[in-house]
Amino acid sequence: NTWLKNLLSAIYDLPMADLPPQPDTSALARLGHRWVGHEHYPPSETLLRWAESDSIFLVTTVRHPADTLLSLMNYGSTFGHEVHRDGNLDVLLARDFFTIGPNVTAYIRHRFPCLLKVSAAWMWAGRSFVVRYEDLWNDPIATLQSLTNRISPVDVARVERAVACCRIDVLRHLVGN
């Protein structure tokens with residue numbers, strides 16, 4: 001999600017918005033018409049109606065669940081207390097020292113399926129553009145070109161520049177890792 005948000009920001013020259021932890025269409029509307037952000041909101045009729053009425057493009061990133069878990073664990077070990085606003089993930093990961101122990105296993109059994117269901121719900125709703133992370137990783141230019149052709153077409157050179165600016169090593173350097 002973070003990588004795709006940065007890529008779309010670079011492609012369309014959009015500011016990145018911090019979204020409220022709970023879906024609040026009034027707060028989202030106050031952001032204006034040109035921004036990119038991400039949050040793990042489940043689809044709701046209110047949110048879908050707001051997006052449709054304001055011509056908001058919704059994008060869902062899907063990733064293999066095992067890769068998602070490893071990414072969360074890596075993010076948790078890097079950013080510690082900043083992982084998830086409710087603090088549950090970082091606490092569970094920290095208790096197991098960012099390895100697969102009993103606390104992470106409990107997270108996998110009880111909380112992780114909820115996270116996966118949000119992406120699945122968006123796919124089933126059919127109201128967002130779905131991007132497979134593996135496709136983005138394997139061929140970012142073609143994957144982004146396909147997405148931007150559906151949102152608002154741009155020249156491939158613009159996509160190539162965004163990919164160059166948003167390489168993982170570059171983004172990690174920007175946040176000091």
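Predicted model: local features only at pLDDT ≥ 70, side-chain atom pairs only at ≥ 80, totals over all residues.

Colleague: How do helix 1 and helix 10 cross?

Modeller: The axes of helix 1 (residues 2–12) and helix 10 (residues 156–165) come within 9 Å and cross at roughly 135 degrees. Helices here are DSSP runs of H or I with at least four residues, and strands are E runs of at least two; axes are lines fitted to C-alpha atoms, with angles from 0 to 180 degrees between N-to-C directions. The two helices are therefore oblique to each other, given that angles under 35 degrees count as roughly parallel, over 145 as roughly antiparallel, 65 to 115 as roughly perpendicular and the rest as oblique.

Colleague: And which residues meet there?

Modeller: From helix 1, L7, A10, I11 and Y12 meet R158, V159, A162 and V163 of helix 10, where contact means heavy atoms within 4.5 Å. Sorted by type, the residues of this contact are seven nonpolar, no polar and one charged, with Ala, Val, Leu, Ile, Met, Phe, Trp, Tyr, Cys and Pro counted as nonpolar, Asp, Glu, Lys and Arg as charged, and the others, Gly among them, as polar.

Colleague: Switching to the largest nonpolar core, which residues touch the most other members?

Modeller: Those are L7 and L144, in a core of 21 residues; such a core is a set of buried Ala, Val, Leu, Ile, Met, Phe, Trp, Tyr and Cys residues joined through side-chain atoms within 4.5 Å. Helix 1 gives the largest share of this core, six residues. Leaving aside residues up to four places away in sequence, L7 touches L136, L144, A162, V163 and C166.

Colleague: What about T148, buried or exposed?

Modeller: T148 has a relative accessible area of 0%, so this residue is buried, which means under 20%, with exposed being over 50% and partly exposed in between, for a 1.4 Å probe and protein chains only. T148 lies in helix 9.

Colleague: Last one: where is A51?

Modeller: A51 sits in helix 3 (residues 45–53) and counts as buried at 4% relative accessibility. Beyond residues up to four places away in sequence, A51 touches I56 and L58.

Key:
Residues numbered from 1 in each chain as written. Heavy atoms only, no water.
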